[in-house]
Amino acid sequence: YPWDKSSLKSMPLDLQQFEKLDAYALKVNVNNSIEELVQALLKRARTDLEKVRVIWMWICHHIEYDVVGFHDKSQRLCSPIDVLRRGKSVCEGYAALFQQMCSIAGIQCMKLSGYSKGYGYTVGQAFEGDSNHAWNAVYLEGRWHLLDSTWGSGNVDTSGKFTFRYNEFYFLTHPALFINDHFPDNSNWQLLKPALTLKEFETTVMYSSDFYKLGLLAVHPDTAIIQTVNGTATISVDCRSSTLFTFSLKGREKHGLLTLRKHGMKLEIYPQSTGRQELEIFAKSSNSPEDVYNHVLQYVVECKSVDKSVHFPKDLHQPVGPSWLSERQGFLRPSQPDPVVHTNDGRCSFTFTLGKDISILPTLQSDNSGLTEDRRRQHIMQIHRGNQVEFLVHLPHAGKFVLKFFSKKKSDPGNYTYVFNYLISCLNNEVKWPAFPQTYSNWANDYEILEPLSGLLPANRNVQFKLKMHGISKVLVQAQDTHTLTLSRDGFWEGTCNTAGCTELFVMVQENANHNFYSHVLKYTVET
């Protein structure tokens, strides 16, 4: 059975053809005779496949897992008739009842036993001694197929409570997938060539059934235990379609950098303590209306040394960097495709082609900045040129910063919603850029400051102004005296102003030559 990644099943199945049969199986209510139960179920089943399906469906929805019996053998009843009458059992009872019902229905069925990565399993553990699980194989259309009605019925949570939660994955599962969490005592029942060794079974990463149901294809590394190198480790997942991911390291979504790719994701982790720690990865379809992520992978990370130089600001939101997700929200062709931007001089630029009708609000956040949010925002300048937008960032000091982008439709009066963020890193302690000039509401999106870019001007100096503003009839710079800027041939308002004798300086525009009304557009502070 080579797995070509196209189907999760060991034979072609159209699950829609079972809808009426499945609904019928759920309604059958016989619990005193196995023969009568099978007779009732087979009233709607014609083919061998339909017979197996109706038996499977009935067991998965009527037999609950016996958590008490799992922990106490004296309370455990596993004979088929006991399982039917009590309506509960452990895996041995599920498999025995399934086998007997198939036998009555004239289907060849085997009860298999072996090791499983189920309730009570810890990642990377060695298996020894007696087998800990039972399941079945059925003979259909000239070959054997595997299924596990225990795991098809539901699951037991960490508190030991069983919940009916039907899982289609374990019905006629492809052997190449079934082997991930079922290792039979007799290797022939892996139905694989070559068969896996027990060591390979123990060391392979734990994929949940949701891993395959979400269309995820492969992971790297595929070992259950990951060892960090120089304090870090990288995990990547491949998938067919746009999928959202999140992670938990030692129970928290911290000390990692997750980036989305069109066909998967990459996660870099930097554990902040040595020793063994659990890493879980969760995923959900980007089309899912629910905000629930499903558990898909589980690793144990062995960390020998901690990289203390790596620090992620608390405001950093996962995933980091631009992706298909930000593209969907109108941020196209990013000039900075990587999630982390390194700058030595404290300056960086981010350019996007924008989708239609989008208004953007950027914020700059840092753990160790004494500046208010409004002051930090003044370290970002937004420049629009047609359908392109550029964000210039001048950092107030060295350190790690989070550049977040929020957006909304221009036509929408509502609030801005978060889209994505970058991590900006600057290690140069000499960096200390002043804020950009303060802009007023009349400063239009497509206006542009060429100079002076600094919002803090030197005292007693002649300062050169060069501004790009269209549809304006006159521009004044008001210091101690008022200076008029002139419009050059290439469309820039230019001129010089002296900063002597003032603490603030304003740029004002007259939009209509017929009205003697000026509005403020920029404010500069003058050094004292």
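Strands here are DSSP runs of E at least two residues long, helices are runs of H or I of at least four, and both are numbered from the N terminus. The model is predicted.

1. Most residues other than glycine have a negative phi. Asp357 counts as partly exposed, because its relative accessibility is 29% and that class runs between 20% and 50%.

2. Leu191 is not a glycine either, yet its phi is positive, at about 55°. This residue belongs to the loop that links strand 8 (182–184) to helix 9 (198–203). Buried or exposed? Leu191 is buried. Its relative accessible area is 17%, and the cut-off for buried is under 20%.

3. **Two cis peptide bonds.** Most peptide bonds are trans. The bond between His220 and Pro221 is cis, with omega at about -5°. Pro221 lies in the loop from strand 10 (216–220) to strand 11 (225–227). Gln318 and Pro319 are also joined by a cis peptide bond, and omega there is about -5°. Pro319 falls in the loop that runs from strand 17 (294–303) to helix 11 (324–328).

4. **Thr228.** The loop between strand 11 and strand 12 (233–239) holds Thr228. Thr228 counts as buried, because its relative accessibility of 9% is under the 20% limit. What does Thr228 touch, leaving out residues up to four places away in sequence? The list is Ala233, Pro271, Val301, Glu302, Cys303, Lys304 and Ser305. Among them, Val301, Glu302 and Cys303 fall within the range of strand 17 (294–303).

5. **Cys91.** Helix 6 covers residues 91–104, and Cys91 is part of it. With a relative accessible area of 9%, Cys91 is buried. Beyond its neighbours within four places in sequence, Cys91 contacts Tyr65, Asn132, His133, Ala134 and Thr150. Trp151 is 60 residues away from Cys91 along the chain, but their C-alpha atoms are separated by 8.5 Å.

6. **Overall build.** How many helices and strands does the protein have? The count is 12 helices and 34 strands. The radius of gyration is 33 Å, well over the 24 Å that the globule rule gives for 528 residues, so the protein is more spread out than a compact globule. The C-alpha trace spans about 105 × 50 × 40 Å along its principal axes.

7. **Domains.** The domain assignment gives domain 1 (15–201), domain 2 (214–303), domain 3 (324–426) and domain 4 (438–526). The C-alpha centres of domain 2 and domain 4 are 51 Å apart. Cys91 and Leu191 fall in the range of domain 1 (15–201). Pro221 and Thr228 fall in that of domain 2 (214–303).

8. **Burial and contacts.** Of the 528 residues, 50% are buried. Take the contacts between residues at least 6 apart in sequence: 63% of these join residues at least 24 apart.

9. **Surface and charge.** The accessible surface comes to about 25800 Å². Carbon and sulfur atoms account for 47% of that surface. The protein carries 54 positive and 54 negative side chains. The centres of the two sets are 2 Å apart.

Conventions. Residues numbered from 1 in each chain as written. Predicted model: local features only at pLDDT ≥ 70, side-chain atom pairs only at ≥ 80, totals over all residues. Heavy atoms only, no water. Rg over C-alpha atoms; globule rule 2.2 N^0.38 Å. Buried < 20%, exposed > 50% of the residue type's maximum accessible area, 1.4 Å probe, protein only. Contact = heavy atoms within 4.5 Å. Areas by Shrake-Rupley, 256 points an atom, 1.4 Å probe, with all protein chains shown as cover. Lys, Arg positive; Asp, Glu negative; His and termini not counted. Charge placed at Lys NZ, Arg CZ, Asp CG, Glu CD. Domains from an automatic or database assignment.
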